[in-house]
Amino acid sequence: MHDLLLSHGSVHDGFGSPEKDADVAISEGRIVAVGRDLGPARRVIDVSGMVVAPGFVDPHSHSDTVPFLAEPQPFKLHQGVTTEIVGNCGFSCGPANPETAGFMPAVLAEQAFTTFGEYLDAARAAGPSNNLAVMVGHNTLRLAASGMEAKPTGEALDRMRVMAAEAFEAGAVGLSSGLEYVPGAYAGTDELVALALVARRWNLPYATHMRSESEGLADALDEAIAVATRAGVRLQVSHCKASGRAVHGSSAMLLAKLAEARRSGLDVRADVYPYLAFGTGLVAVLPPVACEGGQEALLARLADPLTRAALREMAEDPVTGTGVGLWRELHPADVQILTHSDPAVEGRRLADLPGDPWEALCDLLRRDPHASGVFHTMHDDDVTAIMADPLVSIGSDGGPPVGPNHPRTFGTFPTFLGTYVRERKVVPMPEAIRKVSSAVAAQFGLTDRGWLGPGAVADVCVFDPATVGHDGTYEVPDVRPHGVRHVFLAGREVVAEGEFTGGRHGTVLRRGMS
């Protein structure tokens, strides 16, 4: 007798095959059969009219510290997400050097561990509400080995290699970089190749937030492809976009480069989120050199009018497309302040602040170097073209569900399925399910997840295709999505009739682990 039978659903296998009206039988945490007349079960749930799909896999999340929050956090389960890939954009919670951990993003620095394995152990012990698989970040390795120095010694690079190997041995599922952030922005291509070659020993991918997603997009993409090609590893291009009015329309170039790399033999994939704005720290708007030497050095530079002017000249230099920060891709009206130590400026646009926008930005960062923003820089035509491409999956780029936030944290997957699949028909449903399941799981070696068939782990999402969606906005993002009816982790129901059932039933998936 089966433990559970999901009856009369519209079943998707996650590989893009046509849906079929079928039952799904689950026993001992795995799918055991899909079809009709599967025999008796201890429990039967009628899911007529619902899509039955593999639990969604988010390839680009920043939920690294969510397990350590005091209460269980179902915000991803309500979206149908059963597994998240974290450690993105070059930052992970370990390995951290106590002397330089303060240079990590504040949310990670609060949970920084001396070794990568210690972080995995602690996250698992704390109890995630859904599954996490973790990459080790290049920025974090660099900080641990040489702090905020622009040019690490050969000994420091060797130390980075050793720490990367220790992370992969402990269970990391890949290597990530964040080349618009310091200190990763200081690294050359050879350094990235050296670390990717370590990942190759475990057949793991290289995921990159590229050096530019705006005027330097073409060169940055060429570099990402070169790193993966030279190291012989799979490539994941994170949160693909053509950001800034100067490069609107560049999605065709981006997708052509991905396709050509694929034809040339590189196993390359990418991800995108279904929004026209991104979110990050305001300090990323400055040229990376502004941060060299750490926070005190940054504040000293911002206090000097001549240095401010020099940084602006560098940021606006039309000759250089990469390594100059985000300033040139932005208009002041595009910049919405998300978090700041002064609540009076939160929610306002840079264009609304008095005085020259560059000077206003520098003043904001002098008062709070950890301030963050939402940047409205993408064009719908580019977002939908990238989204429709078969090499591109859907990722949230969302962080912990606390404080001011971006709606992608709470609604990426329902927004994709509701707005872009049901209403705008950017891709058909079988392809949409593939984009949020097997296309991601395969990239990160999660062989037992991301598909629905006999033998797969019973991570399952059941949703109503007629109602799935999210009503969150940039002003009020933390709205629960609707339409996701049932979610199962290894056969355990964690969302029932749209309500979280409680508890922490996820786990940390280490490399090679089911």
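The legends below accompany close-up views of a predicted model.

**View 1. The open sheet of strands β6, β7 and β8.** The sheet is built from three strands in the order β6-β7-β8, paired in parallel, and it is open. From one strand to the next, the twist averages 20°. Between β7 (residues 81-86) and β8, which run parallel, there are four bridges. Within this pairing, threonine 83 is placed opposite asparagine 131 of β8. As a general point, strands of a sheet pair through backbone hydrogen bonds, in either a parallel or an antiparallel manner.

**View 2. Helix α2 and the elements that cover it.** Helix α2 spans residues 116-126, and its buried residues are Phe116, Gly117, Tyr119, Leu120, Ala122 and Ala123. In an α-helix there are 3.6 residues a turn, so residues three or four places apart point the same way. The cover over the buried residues of α2 includes strands β7, β8 and β9 (136-137) together with helix α4 (154-170). Just after α2, glycine 127 adopts a positive phi of about 95°.

View 3. Strand β13 (residues 268-272) has five of its five residues buried, so it is largely enclosed by the rest of the structure. Val268, Ala270 and Val272 point one way from the strand, while Arg269 and Asp271 point the other way; all are buried. Strand β12 (residues 235-237) pairs with β13 in the parallel sense through three bridges. Glutamine 236 has arginine 269 of β13 as its bridge partner. Between β12 and β13 the chain passes through helix α7 (residues 251-263), forming a right-handed β-α-β crossover. Strand β13 also pairs with β17 (residues 392-394), again in the parallel sense and over three bridges. In this pairing, alanine 270 stands opposite valine 392 of β17.

**View 4. Salt bridges of arginine 312.** The side chain of arginine 312 meets that of glutamate 316 in a salt bridge, at 3.0 Å from N to O. The side chain of arginine 312 also forms a salt bridge with that of aspartate 356, at 2.7 Å from N to O. Aspartate 356 belongs to the loop between β15 (335-339) and α10 (357-367), whereas arginine 312 belongs to helix α9 (residues 305-315), so this pair ties together parts that are 44 residues apart in sequence.

**View 5. The salt bridge between glutamate 499 and arginine 480.** Glutamate 499 and arginine 480 form a salt bridge in which the closest N and O atoms are 3.2 Å apart. Glutamate 499 is located in strand β21 (residues 499-500) and arginine 480 in the loop between β18 (460-463) and β19 (484-489), so the pair ties together parts that are 19 residues apart in sequence. Glutamate 499 has a relative accessible area of 45% and is partly exposed. Arginine 480 is partly exposed as well, with a relative accessible area of 44%.

**View 6. A network of salt bridges.** Asp21, Asp23 and Arg36 are linked to one another in a salt-bridge network. In the structure as a whole, a search finds 32 salt bridges.

View 7. Serine 372 is part of strand β16 (residues 372-376). At 14% relative accessibility, serine 372 is classed as buried, because buried means under 20% relative accessible area. The side chain of serine 372 makes a polar contact of 2.6 Å with the side chain of threonine 339. Apart from its neighbours within four places in sequence, serine 372 is in contact with Thr280, Gly281, Leu282, Ile337, Leu338 and Thr339.

Notes
Residues numbered from 1 in each chain as written. Predicted model: local features only at pLDDT ≥ 70, side-chain atom pairs only at ≥ 80, totals over all residues. Heavy atoms only, no water. Pairing = 2+ DSSP bridges. Helix = DSSP H or I, 4+ residues; strand = E, 2+ residues; numbered from the N terminus. Axes fitted to C-alpha atoms, helices over the stretch in contact; angles between N-to-C directions. Buried < 20%, exposed > 50% of the residue type's maximum accessible area, 1.4 Å probe, protein only. Right-handed = clockwise from strand over helix to strand, strands pointing away. Contact = heavy atoms within 4.5 Å. Salt bridge = Lys/Arg side-chain N within 4 Å of Asp/Glu carboxyl O. Polar contact = N/O pair within 3.5 Å; in protein donor to acceptor, adjacent residues only side chain to side chain.
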